Structure formats: C-alpha cells, structure tokens
Amino acid sequence: MKKSLQTLISAWKTPELRKKILFTALVMIVFRLGAHIPAAGIDSTSLKSLFAQSQLLGLLDIFSGGTLANFSIMALGLNPYINASIILQLLTMVFPKLEALSKEGEFGREKINQYTRLLTVPLAVMQAIGMYVLLKNANIIGTFGALPLLALVVTMTAGSIFAMWLGELVSQHGVGNGISMLIFAGIVSRLPVVFGQTAVALETTNLVNIVIFAALALIVIGGVIFVNEASRRITIQYAKRIRGGKLYGGQSTHLPLRVNQAGVIPIIFAVSLVLLPSLLGQFLGGASNPAVANFARGLATSFQPDTLLYNLTYFLLVIGFTYFYTAVVFNPQKIADELKKHGGFIPGIRPGGPTAVYLNYILNRITLAGAVFLGAIAILPSLAQSVSNVATLTIGGTGILIVVSVILETTKQLEAQLIMHNYDSYLR
C-alpha cells in the first residue's frame, strides 16, 4: 500500500503522467454522471427493490459498472463490448485468417478491435430487448408501444457504445485498462453501500460469523496481492561476442513469468458468461409454451449465485479464461526468437524451439496454480455466505477482488511509465 501511494505521488509530480491521471479521473466522472441519467418509462423505486432482493441482478450491476440498478441510459454498461471481445478472441482461435490478422502487429490489433466494436452494436440491441422483456416479466415496466420500445433500445445501445468509447479513451490516453477502470469506478461507488449492508447483517449474527467475515476479507485481499505479485524468474545468459576488439555480452539477467499473467480479465469474462443461463431463464420464463417456461425457470433456479452448479461453472470458467488470456498476452515462441536474435539463452536449454517449449512448460505449470487460486478466491464469498448467512458477501467479495487487482495493475503501469519517463529524460 505504501509503495502504491509513493508511485501515485511520483506520477502526480510528473507533468505527462499527471495529465493522464486527470484525464482518467475526468472520464470516470463522466461515466458516473451518465450512470445516473435514467431511461424513460422505468419505475426506479420498484427497480431498486428488485435489485435489493436479487443477488444475481446485484452481481450483474457490478459488472455493468453500477449503471443497471438505476436503469440509466448506460444500463447495459460494458457487457455487450465484453461479450463481443470474448466472441472475437474465440473466433481468432477457430479461423486462420483472424489468427493471422492478430499476428500482424498494431494493424492487426486495430482491425480486430474494429470488428469488436461492430459486433458490440447487434449484441447491445439484443441485450436491450432482453432487458426490456426481463423487467416487463418482473412488472417493473409496462408494455411499450413500437415507438417507445424502439427509443428505449436505441437509447440503451447508444449508451453502451458511449461507455465502450469512454473505456477506449482511458486505454489510449489515460492510465490503466479502460474497461477495468470503468468497472472499478462502478464498484467503488457501490462499496460503501455494500459494506453498510454487510455491517447491518453482521449486527444480527454472532461473534463467530464476524470473525469469519474479517478473516475471509483479509484472505481475499492478501491472496490477490500475493498472486498478482508472484512470479517465476527464469535465468537468461547472454553469449560473449567480440566486435572491433571489444568484448560484448556475457551478462546474466532474469525473465520474470508472472503467476497471473491475465490479471482481472478472467473474472470479468467468466462472470459475463456465467450470468447468461440465469438471464436466459428469466427471459424465457414467461413463454407461452409450458415446456419452455418450465425449462427456463429451472435453468434460472439452477444458476443462482448460491448454487453448486453456478459456483462450479464460475470456477471452471475462471480457470479456462486465465489460460486463454495468458495465451493471448504471452507468446513463448516470440520470446524465444527474441532471445535467440540477441544472443540470449536459458542455461541448459538450446535456443529457438527448445526454449519456446521450455517456457511454455513453465508457464502452464505456474498458470495452473494462479488460475486455481484465482478461481477459489472468486467463489470464496459464495462459500462464506453459506457459513455466515451474510448475503452481501457474494457481491462485496467479487468487488474487492476486482478493486485490488485493478489497483495493482494500474500501479505497475504507472511504475513502468515512470521508468520510461526517467529514461527518456536521461537520454535528453
């Protein structure tokens, strides 16, 4: 904590980084203001009552950035964009042309980002219609005519696109990952309310439950920090070379492989998918066909946040997305080629292909430990709820997990930019 504070102070004293911090803060303020502009035709009192009674909707509100409980113009939040990102990354593994495009450097990444933005629009339209049907079945809103319904869908789609644009602005011109930062802003704005509800709930429980809650809170925070900071250091030796009568190379360094290369992204992706069965069940719950309606209600019941099926699916999705995103952000073959190009090698391992195989072997082992731990931390609040009977732990625990991870990742990015700025100043 002290190190993070020192990094923030040093970044604030640097004019370039101070501008980025202020820009990020401004975007987050705009996002939060948008989260309080209500859409037309919604009974806000009934809506808040519905969210207070449903852990599922409360959890969904967290990952919309806190915009759903108010049913604002950005009620869908970043969910369509996150889902579009998941679909595009999965398609990249299926279609060779997309895979080749992803390897074309900055141009390829920009093209895939453009495809993601385009896919976000139809997904936002479908989710807006689904949200309307969901709230209509819950008697929160009445039956809309064609024109008011079209206006609502267009408003929610535009709000989602606006939120996506704000996130990309933060990624390009601000500090941290834009999507994670906006979700972070939504969680932080709701944490006081969640902690207040937890405190009230704990007042009616015995001392043992209070101790369990405090211990689990410390375990979650400490565990996330430990996993994010942990890394496996691979020794790299550089060969000695003589050029122009001078000796170069021969030094030894380390290649750090982080236990959790993917950061908080697996949690965001996993929740986006694990909530789909419940939402689909509620969406089809009012179907005219009795068989479809019964199946939908059973699906919604089976995937409530306190069920075994939900937590097992959540756990497996976190592990799967941790491996998937690690494969996206870390390429052992590319690292091996760069080491070979610059005369570096791992002692006892031949350069080139064998080095890539060795790095992949080490990465798979440490990623398994990180993925299992991250999955366990993700479902720990639900397990704690069954022990302590405090319903707000499910939401609060997930929120703390993301908040701590985003703070650590943003601090690391600030440190890297500080080092780069100091290095550039030295060269000048």
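Analyst: A residue is called buried when its relative accessible area is under 20%, exposed when that value is over 50%, and partly exposed in between, computed with a 1.4 Å probe and protein chains only. The structure is a predicted model, in which local features need pLDDT of at least 70 and side-chain atom pairs count only at pLDDT 80 or more, while totals for chains, interfaces and linings use all residues. Residues are numbered from 1 along each chain as its sequence is written, and side-chain values use heavy atoms, with hydrogens and water left out.

User: Why is N83 called buried?

Analyst: N83 has a relative accessible area of 11%. That value lies under the limit for buried, so N83 is given that word. N83 is found in helix α5. Contact means heavy atoms within 4.5 Å; not counting residues up to four places away in sequence, N83 touches L123, Q127 and S272.

User: How many residues of the protein chain count as buried, and how many helices and strands are there?

Analyst: Of the 428 residues, 46% count as buried. The chain has 17 helices and five strands; helices (H or I, at least four residues) and strands (E, at least two) are DSSP runs, numbered from the N terminus.

User: Why is I87 called partly exposed, and in which helix is it found?

Analyst: I87 is found in helix α5, residues 79-94.

User: What makes I87 part of a nonpolar patch?

Analyst: Patches are made of residues with over 30% relative accessible area and no salt bridge; like charges are joined within 9 Å, and nonpolar side chains (Val, Leu, Ile, Met, Phe, Trp, Tyr) within 5 Å. Together with L90, L91, M93, V94 and F95, I87 forms a patch on the surface with about 550 Å² of accessible area. Such areas come from the Shrake-Rupley method with a 1.4 Å probe, and for residues only the protein chains shown count as cover.

User: Why is L119 called partly exposed, and what is it in contact with?

Analyst: The value for L119 is 24%, which falls between the limits, so L119 is partly exposed. L119 lies in helix α7, residues 105-137. Leaving aside neighbours within four places in sequence, L119 is in contact with A84, I87 and L88. L119 and Y81 are 38 residues apart in sequence, with their C-alpha atoms 8.0 Å apart.

User: How do you know that R117 and E168 form a salt bridge?

Analyst: A salt bridge is a side-chain nitrogen of Lys or Arg within 4 Å of a carboxyl oxygen of Asp or Glu. The closest N and O atoms of R117 and E168 are 2.9 Å apart, so the pair meets the definition. This bridge links distant parts of the chain, with R117 in helix α7 and E168 in helix α8 (residues 146-173), 51 residues apart. In general, side chains of opposite charge can pair when their charged atoms come close.

User: What makes E110, R117 and E168 one network?

Analyst: Salt bridges that share partners join E110, R117 and E168. R117 also forms a salt bridge with E110, the closest N and O atoms being 3.4 Å apart. The whole structure has two salt bridges.
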